[in-house]
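Student: I would like to learn how to read a helix in a model. Where do we start?

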Amino acid sequence: MERHGGLVAVGAMTDLALRNVQVLDGNGGQAFAADVGITAGRISDVGEVGAAHREIDGLGAFLAPGFIDTHAHDDGAFFRHPGMHFKLAQGVTTVVCGNCGFSAIPADPTQDVVAASGGILAGLQGEFTDLNGYFSAVLERAPAINNMMLVGHNTIRSLVKGDSQEEPSAGEMREMQGHVESALEQGACGFSSGLIYRPGRYSGTAEVLELAKLAAPYDALYTTHMRNEGDDLLDAVDEALSIGRQGNVHLHISHHKAAGPRNWGKVGASLAKVDAALAAGQPVTLDVYPYTAGSGRMIEYFNLDNPSAELARVIRIASCPAFREYEGRMLVDIAAEQELSLQEAVRHVLTAPWAIAPSVFSSSLTKAMLQRIWLTQI
Ligand SMILES: [Zn+2]
């Protein structure tokens with residue numbers, strides 16, 4: 001509806017008025033009734049809004065600024081799906097990428113970063129090597145939402161040391177530090193680790209601390225997918241807290257949980273540790289899934305010599321290029337159908353010859369590729 005008249009000049013009219021809405025402005029207060037005006041693509045008024053070229057009746061619904069998804073692995077999605085509809089449809093207008101130690105940068109175009117990440121970074125395109133280059137490549141695609149980046153420990157370690165399980169030499173440590181500092185200098189919002197994954201799991205606490213503390217002068221974060229989220233959850237929380245404390249850096253624990261039935265309830269003890277740290281003045285935050293499941297690369301969760309049947313019972317295959325027909329199905333059902341034991345079913349999925357994948361991933365079989373299989377625990 002278009003309304004002209006009064007003292008409002010047509011040229012100054014609001015482009016779009018959202019009326020009859022309850023505004024949650026993101027500052028933590030109660031919702032309040034207001035109109036919201038938008039002009040030239042920006043919020044121009046919150047409160048009373050005069051005539052507008054277009055009006056939308058919110059019918060009393062809540063209106064909020066775009067949500068920030070603090071835990072995303074969308075580094076490559078910005079290339080595949082720059083419209084980012086799967087995020088926008090959820091109200092998300094900013095994502096934080098580079099989580100769990102895997103980030104698009106730093107990169108060496110001659111190395112396969114996607115394979116090194118086990119597929120987490122799938123979708124990346126271009127020849128960039130650093131954060132400036134990555135942002136330029138993303139911006140060329142005119143992405144629909146904002147992207148904040150963490151620089152990841154696993155990615156840096158793979159770049160500098162490949163698959164090596166050895167401690168970094170002094171020279172390698174300097175090289176890794178250089179990558180962290182360069183990313184922070186170019187606008188990374190923090191340094192992330194994924195100590196449950198390879199190669200991060202080969203790193204001692206001291207190595208991670210030396211890198212995490214570089215975030216402090218930038219007022220950036222140290223975020224971590226901790227070394228363990230099950231039987232050794234409490235030790236992992238202690239390690240994370242000690243890195244934050246010693247590095248004098250804000251610690252953010254990613255997807256905090258106690259996985260596995262025998263560990264259920266441990267979050268009481270782990271949150272008590274976080275509360276004690278907060279009470280002592282240490283900056284700590286964490287995020288959680290809004291559902292009772294987790295996901296990850298299936299290969300990381302099983303010892304193929306003796307796969308845990310207990311874990312296998314709660315696995316749902318989310319993505320499996322070798323057996324597309326298994327996607328979305330519980331492993332127990334697949335095992336029954338194939339007349340396999342649960343342990344055999346785990347090996348069947350994780351050792352599948354890649355060449356039978358009915359997709360483009362048919363060229364070669366590598367362990368990293370098999371790691372692209374994901375699981376969901378319920
Ligand atoms: Zn993670």
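Tutor: Helices (H or I, at least four residues) and strands (E, at least two) are DSSP runs, numbered from the N terminus. This is a predicted model, where local features need pLDDT of at least 70, side-chain atom pairs count only at pLDDT 80 or more, and totals for chains, interfaces and linings use all residues. Residues are numbered from 1 along each chain as its sequence is written, and side-chain values use heavy atoms, with hydrogens and water left out.

Student: Which residues of helix 9 are buried?

Tutor: Buried means under 20% relative accessible area, exposed over 50%, partly exposed in between (1.4 Å probe, protein chains only). In helix 9 the buried ones are Ser-270, Val-274 and Ala-277. They lie on the same side of helix 9, because they cover an arc of only 60 degrees around the axis. The arc is that of the directions from the helix axis to the C-beta atoms.

Student: What is the general idea behind that?

Tutor: An α-helix has 3.6 residues a turn, so residues three or four places apart point the same way.

Student: What comes just after helix 9?

Tutor: Gly-281 is there, with a positive phi of about 95 degrees.

Student: Which residue other than glycine has a positive phi near 55 degrees?

Tutor: Asp-219 does. Asp-219 sits in the loop between helix 7 and strand 10 (221–225), and is exposed at 74% relative accessibility.
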